[in-house]
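User: I'd like to learn how to read a predicted model residue by residue, and then around its ligand. Can you walk me through it?

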Amino acid sequence: MRRENRLSGIPVVSGWGAGSAYFVGRAVQPTATVSISRQDIGDEIMRFNEIREKARKDYRQHIAELSTTSSIDTSILNIYEHILDDPAFIGQVVETISTKLYDLETSVRLVSNEFVKRFDSAGTAYFKERSGDMVEVCEKLISFLYEDDGRKKTFIEPVVLVVLRTFTPTDILTYDKSKIQAVITTSGGKTSHAAILARSYSIPVVSGITNINENIRPGDPLLVDAEKGYVYVRPNATIKARYKRLPSDVTTFEALKDKWRRPVYTKDGIQIDVLANISLAEDADEAREHGADGIGLVRTEYLLSNRKEMPSEQVQYKYYKSILDKAGKKWCVIRLFDIGGDKVPKFFNMPMEFNPFMGWRAIRIFLERRDLFETQLTAIMRAGEKHDYGLMVPMVTTLQEWQDALSVIDNVAKKLGVKRPKCGVLFEVPLAILEMETFMKEIDFASVGTNDLIQYLSAADRNNAKVNYLYNPVEPAFLRIIRNAIQCANDNGMQVSICGEMAGNPMHAVLLIGLGLRRFSVIPRAIPILKELIANISYAEAAESISHLEAIDSTTSLSQWLKNLNKRLLGDVLANLPIEVDV
Ligand code: PEP
Ligand code: MG
C-alpha cells in the first residue's frame, strides 16, 4: 500500500476539501454508466467515428500551430493520433457498445480504464507514460462528446480537480461544481479568473504544485488544506480528523449573514456600500443572500463560456433581465464582455497571441468587432429599460478609445429609442488610471480593477504562481496610485468603487476606508465579513493612521505596518471572524 505524502504549494483560495483525484486533461474518473438499447448501437458507433475524426483534427491543428510558432517537440501529439487509430482500442470500444450495450461515453471510459490498469500493472516507466497518453486521448474524446450534447461533466463522488497546467475558468464551469471539493494546479495566481470563480463558489485552491504525476494517481484520495497550501495524498486518519471543518465557523458565518442584510456605517456614521461581483445569473441570488447593497460588477463574458456559438440577443436579454430583476431597485453595473486574456470563448476565432493579457482584449475587440458588442448592448439596454444600472467598459487605455466606445453605445441607444444608460470606465490599465482626471468630465462612474492593474504595474502575470511574490497590492507605489485615484474621484464628486480582489481582503478594509473609499465590490461570501469589519472602523481614526503611509518606503515595512494597524484597530474583530485572514 502506498504511504501518505504531503505536497506543498501556494494557497490561492482558502478553505479545505477532500475527494478523489480527478485529473483534468490527463485522466478519467468513473462516472455513472449509461445503457442504450439495441437499435442505438449503429448511432453510437457512428458518433465514435465522428469524435475520433474531430479529435484527430484537433491534434493536427495543435501540431500545425506549434510547428509554426515554437520549437516544441510535437511527437507526443503524433502518438495521440496513433492511439485514435489503434485497432485494439477501436475494437474494444465497439465491442463494449454492441455487446454490453453502454453508450459511447461510458464505453470509452471503461475501455480506457481497462488499458490504464493494464499499462500500470506492467510497472515500467515506459508503460506508465503510455497509460497517461491513453487517458489524455480518452479525455479528449469525452470532451468532444460533452460539447456535442452540452451536458455538464458530472461525478458520483466528491472530487479534487488536479489541473496539470494553468487553471482556467472553464475547468470550474465544465464540471458539476457541487462535487468539486478543491482544486490543485501547477499554475494560477490569487486573482486569476479561475481563482475568482472558485472563490465565489467556495472551492479551495492550491497552486504551484510540482511533480504531480510522480506523486498522485487518478482516483487517489486527497485532502487539500488551502489555508496552508498543503495537499495530503492518501491522508491518514489523524490528518483527516484534524481537518474536519469546525462547525462553529459555519454557525458564525451564518449569523454574520443574517446580521448584515442591511446597510453598514462606520463607527463615526459614514455609510459604506458593499456591492457584489457576480458572473452567472444565479449568483445574483447569492449576492442578495449575503446582504449585497447592489451589484458592482457582472462579468458577462461567463455567459459565453462553453458555448459553441455567440448567444443570440434574446438569450442575452434573458440573462441580463434576470440579473437586473434580482437586483431590483439596487444599483447594478453590467460590464461589457471582457473577452481575451484567459477568457476566450470557444466559438471566438482568437488569433494566436504570445502575450494575451497585453493583446487583443475587451474594448480593443469591441471597437473592431462591433457586431458582437452591438448585440450585447441592445440586449442590455432592452433588459435595463426599467432599472437603475450602469454599463462598464473594461480595459480602457485612452480617452479616444472611451469616446469611440461611447459613440457606439449612443448609436445603439438611439436605434432603440432609449436614453443612454450611465456609462463608466473600469480603471485597470496604468495609463488610464494615471490620467483619471481627464476622464472625469466624460464618465458617469468609475471602478478600479486592481486585479489587472497590479499585473500591468508590476509586470507580474496574475496567473503565474512563480511571480506571485511580486503581485502585491501592499506596495508603496501601488497604494499611492490607488490613493490618488480615490481622491481624484472624490474631488470630482464621482462615484468610485474598487472591484478587484483587493477590496475583499479583510486586511485591506481599514486601509481602503482610510484612503477615502466608500464603495467596495466583492464576491458575495466576502460581504458579511467586510460589513462586520466596517462597522468596527472609525473613518477619522483610519484616515489619521493612513496619513503616516507616505513615510513608509518599503514593501516589508508596509506589510508590517498594516499588520500592526489591523491589530490595533481591529484585533478582536479579526480574530473572531469565521475565516483565516492573511495580509
Ligand atoms: C480587475 O481587473 O480587477 C477586474 C475587476 O476585472 P477582472 O478580474 O475580471 O479582469
Ligand atoms: Mg480586469
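Analyst: Let's start with Ser202, which is partly exposed because its relative accessible area is 36%. The scale is simple: under 20% is buried, over 50% is exposed, and anything in between is partly exposed, using a 1.4 Å probe and the protein chains only. Keep in mind that this is a predicted model, where local features need pLDDT of at least 70, side-chain atom pairs count only at pLDDT 80 or more, and totals for chains, interfaces and linings use all residues. As for bookkeeping, residues are numbered from 1 along each chain as its sequence is written, chains are lettered from A and ligands numbered from 1 in the order written, and side-chain values use heavy atoms, with hydrogens and water left out.

User: Where is Ser202 found?

Analyst: To place a residue, look at the DSSP runs, numbered from the N terminus: helices are H or I with at least four residues, strands are E with at least two. Ser202 falls in the loop between helix 7 and strand 6 (205–207). Its backbone is worth a look too: phi is positive, about 55°, although Ser202 is not a glycine.

User: Arg234 also has a positive phi. Is Arg234 buried or exposed?

Analyst: Arg234 counts as buried because its relative accessible area is 16%. Its phi is about 50°, and again the residue is not a glycine. You'll find Arg234 in the loop between strand 8 (230–233) and helix 9 (237–242).

User: How do I read a side-chain contact, say the one that Arg519 makes with Asp273?

Analyst: A polar contact is a pair of N or O atoms within 3.5 Å; within protein, one must be able to donate a hydrogen and the other to accept it, and residues adjacent in sequence count only if both atoms are side-chain atoms. Here, the side chains of Arg519 and Asp273 make such a contact at 2.9 Å. Arg519 itself belongs to strand 17 (residues 519–522), and with 14% relative accessible area Arg519 is buried.

User: Which side chain does a polar contact of 3.3 Å join to Asn484?

Analyst: That of Arg483. Asn484 sits in helix 19 (residues 476–491) and is partly exposed because its relative accessibility is 40%. You can also read C-alpha distances against sequence separation: Asn484 and Glu437 are 47 residues apart along the chain, with 10.0 Å between their C-alpha atoms.

User: Where does Asp338 lie?

Analyst: In the loop between strand 12 and helix 13, and Asp338 is buried because its relative accessibility is 0%. Its side chain makes polar contacts with Lys343 at 3.5 Å and with Arg361 at 2.9 Å. Gly340 is also found between strand 12 (332–335) and helix 13 (363–366), and counts as buried, with a relative accessible area of 1%. The C-alpha atoms of Gly340 and Gly571 are 231 residues apart along the chain and separated by 41 Å.

User: Now the ligand. Which residues come nearest to ligand 1?

Analyst: A residue is near if one of its heavy atoms lies within 4 Å. Of the 16 residues around ligand 1, the nearest are His193, Arg299, Gly449, Asn451 and Arg462. With nonpolar meaning Ala, Val, Leu, Ile, Met, Phe, Trp, Tyr, Cys and Pro, charged meaning Asp, Glu, Lys and Arg, and polar the others, Gly among them, the shell divides into 3 nonpolar, 5 polar and 8 charged residues.

User: Which elements each supply at least two residues of the shell around ligand 1?

Analyst: Helix 7 (193–200), strand 11 (295–299) and helix 18 (450–458). Helix 18 gives the most, with 3 residues.

User: How much of the accessible area of ligand 1 does the protein cover?

Analyst: First the atom pairs. An oxygen atom of ligand 1 is 2.8 Å from a side-chain N or O atom of His193, an oxygen is 2.7 Å from one of Arg299, and an oxygen is 3.4 Å from one of Arg361. The protein covers 100% of the 290 Å² of accessible area that ligand 1 has on its own, by the Shrake-Rupley method with a 1.4 Å probe.
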